[in-house]
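Look over the model shown here before reading on.

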Amino acid sequence: MKAILRNLFCSGAAVAAVLLAPWALGAGGHTPKAATSSSSSGDDSLPTGRGALRLIVQNQCVLNWKQHRNPAPCERVSLYDPNAGDTGYAVLQDPDGGAHYLLVPTQTMAGLESSELLDRDAPNYFAEAWHARDLLAKSIGHAVPRTDIGLVVNTERTRAYDQFHIHIDCLRQDVADALRAASSGITDTWSPVIVGGATFQAMRIASDSLDGSNLYESLAALKPGAAQRLRDYTLVAVGAQFASGAGFIILTGTGPTGEILLDSTCEVAGGGG
């Protein structure tokens, strides 16, 4: 199955890039800026532009971690085998600040269309992003309930950086309310749900972690042809509390990107007060 999906990923990469939609930046995208972090080493010359995340992580965070065990200007760096290579990930605060963090692989990869995501030994980046949600509490000063947290990968046309990254952020209040109301009708089969004024496909995962889930394979199996168009999809994982216990609601679609569902002020959890 993975070999088939990998071939589909690669063939999809040859398809011409989708032109930036007129509403893209207004629907979750933002202008790339220099990264900031509470653990910053004080370097004011961080790179900017679409390649900024890759340069910051690979040329600064990873090197600083390997040489000094200091992840700055990132919050965290995790390398799976530092002696054999730099495979792993880093977590840094979003360039625009707030209770908003980004998990960035240390490997170079563009987005959901990257075949590396299906490598047998690839890290489970969504699972690691969920484990890093404690940084939201650090940012606002108190714990954030799982049902108020969302993990998002944007569509190609709305992403601000040409390096795969997962947004770790709080949900908008209306989004959290809508998902709680819809949760009882969401099953382990993809079905439409209206959230934040937009229609997404939704499914549930009945587990308190994402460690055993491969969201990329689930997305590729959404419908015929999806695997060749993964760059067009957004992918969202939201913490949920079902009648049967803790779990997740997974959202996807090719319309508005998932970042529109997020709120870096974390008002849903009481903000920074």
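On a 1 Å grid over the protein atoms alone, a cavity is a set of points where a 1.4 Å probe fits but cannot get out, and a lining residue has an atom within 4 Å of a point. Grid points are joined across faces, edges and corners, and a volume is the space filled by probe spheres set on the points. This is a predicted model, in which local features need pLDDT of at least 70 and side-chain atom pairs count only at pLDDT 80 or more, while totals for chains, interfaces and linings use all residues. Residues are numbered from 1 along each chain as its sequence is written, and side-chain values use heavy atoms, with hydrogens and water left out.

By this rule there are two cavities of 30 Å³ or more.

Helices (H or I, at least four residues) and strands (E, at least two) are DSSP runs, numbered from the N terminus, and R159 sits in the loop between β4 and β5. Is R159 buried or exposed? Buried means under 20% relative accessible area, exposed over 50%, and partly exposed in between (1.4 Å probe, protein chains only). R159 has 9% relative accessibility, so it counts as buried. Contact means heavy atoms within 4.5 Å. With neighbours within four places in sequence left aside, R159 is in contact with R50, A110, G111, L112, E113 and N154.

Two strands pair if DSSP finds at least two bridges between them.

Now take the whole chain. It holds six helices and nine strands, and 53% of its 273 residues count as buried. Of the contacts between residues at least 6 apart in sequence, 64% join residues at least 24 apart.

Nine strands form an open sheet with antiparallel pairing, in the order β1-β2-β3-β5-β4-β8-β9-β7-β6. Its edge strands, β1 (76–79) and β6 (191–195), each pair on one side only. Neighbouring strands of this sheet are turned by 25° against each other on average, direction ignored.

Helices lie against this sheet. Axes are lines fitted to C-alpha atoms, for helices over the stretch in contact, and angles run from 0 to 180 degrees between N-to-C directions. Helix α2 (residues 52–68) lies across β1, β2 (88–93) and β3 (100–105), and runs at about 75° to β1. Helix α5 (residues 173–182) packs on the sheet and touches β6, β8 (234–242) and β9 (245–253); its direction makes about 145° with that of β6.

Some backbone details remain. Most residues other than glycine have a negative phi, and most peptide bonds are trans. A cis peptide bond joins A72 and P73, with omega at about 5°; P73 lies in the loop between α2 and β1. R69 lies in the loop between α2 and β1, and its phi is positive, near 55°. The relative accessible area of R69 is 51%, so R69 is exposed. C266, in the segment after β9, has a positive phi near 55°. With a relative accessible area of 0%, C266 is buried.

Definitions and conventions:
1 Å grid on protein atoms, 1.4 Å probe; cavity = no way out; pocket = protein on both sides within 12 Å on 5 of 7 lines; lining within 4 Å.
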